[in-house]
Amino acid sequence: MLFMDYSREVEGKKVHDHCNKNMTTLARCLWMPGPVIIGAGPSGLATAACLKERGVPSLILERADCIASLWKIKTYDRLRLHLPKQFCELPLMPFPVNFPTYPTKEQFVAYLEAYKNHFGLEPVFNQTAVSAEFDHRCGFWRVKTVGLKQEETEYMSQWLIVATGENAEEVVPQIEGMDGFGGPIVHTSSYKSGGLFRGKAVLVVGCGNSGMEVCLDLCNYNARPSLVVRDSVHVLPQEMLGRSTFGLSMWLLKWFPMRLVDRFLLLVSRFMLGDTEKFGLRRPEFGPLELKSRSGKTPVLDVGTLAKIKSGNIKVYPGIKRLAYRAAEFVNGRKENFDAIVLATGYKSNVPQWLKETDFFSETDGLPRKSFPNGWKGECGLYAVGFTKRGLLGASIDAKRIAEDMEHHWKAEPRKFHGHQLGRSPLPPQS
């Protein structure tokens, strides 16, 4: 049994479990014998699959109406995995052999759907977590959600797995003069292709992988993109010496210290790409791997954007000082006219908005306070997956660790409820 429904009739309307879709729900309380997982992205799916493989049932709650909503809804059309598929596959199920080295977003989403079906995972959709708090009186996590019709549900479990990830909410910077710009300002989560911007001057704010690739996409649709590069950035070729740069780096790290590998990467990059500082792309003080380890900042893997910058098809500007009507003034004093702005400013965690716990997760950035590889387990049955700043590979590592740890608890502990073993307890305490 996946859950026990302790709901009551409220104001004459019957309360029901999520399987009965023909009845109106006002309030209900469901007890889960296994963990509750918040988020049906790759991290949540991977964790649920690993748990199921070890005989531990779980329930996935998802605010959207589909799995992997970030990938399905909030990504641009030309997106491919930036790393080879062997570094992006989820536990227990590899990519199909006929997939290319760098699968398209459509292929990755199809893989996730096949993964869900293969393991028989059934997330409960349209359930937005509004609060999750550990109740020390009964030893359970109380997870409250709101549905499409604002119906409230409370799920109770000994274990809570946070799988909402680092990319739950868009980061939208507040730039002086935004309200008076007069043209479209869109985040990359709403950008699909450059087709809407043909012939237009577009300012792309942000020089990560997304910003660089959006600029390239705009070029392919005959737009006139410019790129704002406020901070230093490492740009590396996607492949070196016939191998993926990431794969080569991981192999070299088995034999050599990180700083030596960084020197090698930068030497080969300079040979292949030239001196990027000549084009406004200043390199950071630390090497690409050391910087990733220290701050989580990912180097840009070039897929053709740098050539467009060198040819002048993409102009590079420093930070924005302020915006005006269809124009931007930069910190170096230059002013240029633009028709539209694309904010490639990334995403952030939304955990502080709903998780009533501050010892394990930071209130500042919504990430575990302990860095990888120690940020997957907290106190009182709290776990985190997908917050490693190491992409899908890091999420898979977390998922396997959580499943292994939970299997021991599942086999060792009775399924308690209200301070007693299952089958001996009355209704849960009401808040």
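These legends accompany close-up views of a helix, its crossing partner and a loop residue. The model is predicted, with local features needing pLDDT of at least 70 and side-chain atom pairs counting only at pLDDT 80 or more, while totals for chains, interfaces and linings use all residues. Residues are numbered from 1 along each chain as its sequence is written, and side-chain values use heavy atoms, leaving out hydrogens and water.

**View 1. Helix α1 spans residues 42-53.** Helices here are DSSP runs of H or I with at least four residues, strands are E runs of at least two, and both are numbered from the N terminus. From first C-alpha to last, the 12 residues of α1 reach 16 Å, close to the 16 Å expected at 1.5 Å a residue (1.5 Å times one less than the number of residues). Just after α1, look for Gly-55, whose phi is positive at about 85°.

**View 2. Helix α1 is largely enclosed by the rest of the structure, because 10 of its 12 residues are buried.** Buried means under 20% relative accessible area, exposed over 50%, and partly exposed in between (1.4 Å probe, protein chains only). The buried residues include Leu-45, Ala-48 and Ala-49. Among the elements they pack against are β3 (36-38), α3 (105-118) and α10 (391-412).

**View 3. Helices α1 and α10 meet in a right-handed crossing.** Contact (heavy atoms within 4.5 Å) involves, among others, Ala-46 and Cys-50 of α1 with Ala-399 and Met-406 of α10.

**View 4. Glu-379 sits in the loop between α9 (351-354) and β23 (382-384).** Its 65% relative accessibility makes Glu-379 exposed. The C-alpha atoms of Glu-379 and Phe-360 are 7.6 Å apart, with 19 residues separating them along the chain.

Terms used
Left-handed = near helix turned anticlockwise from the far one by under 90°.
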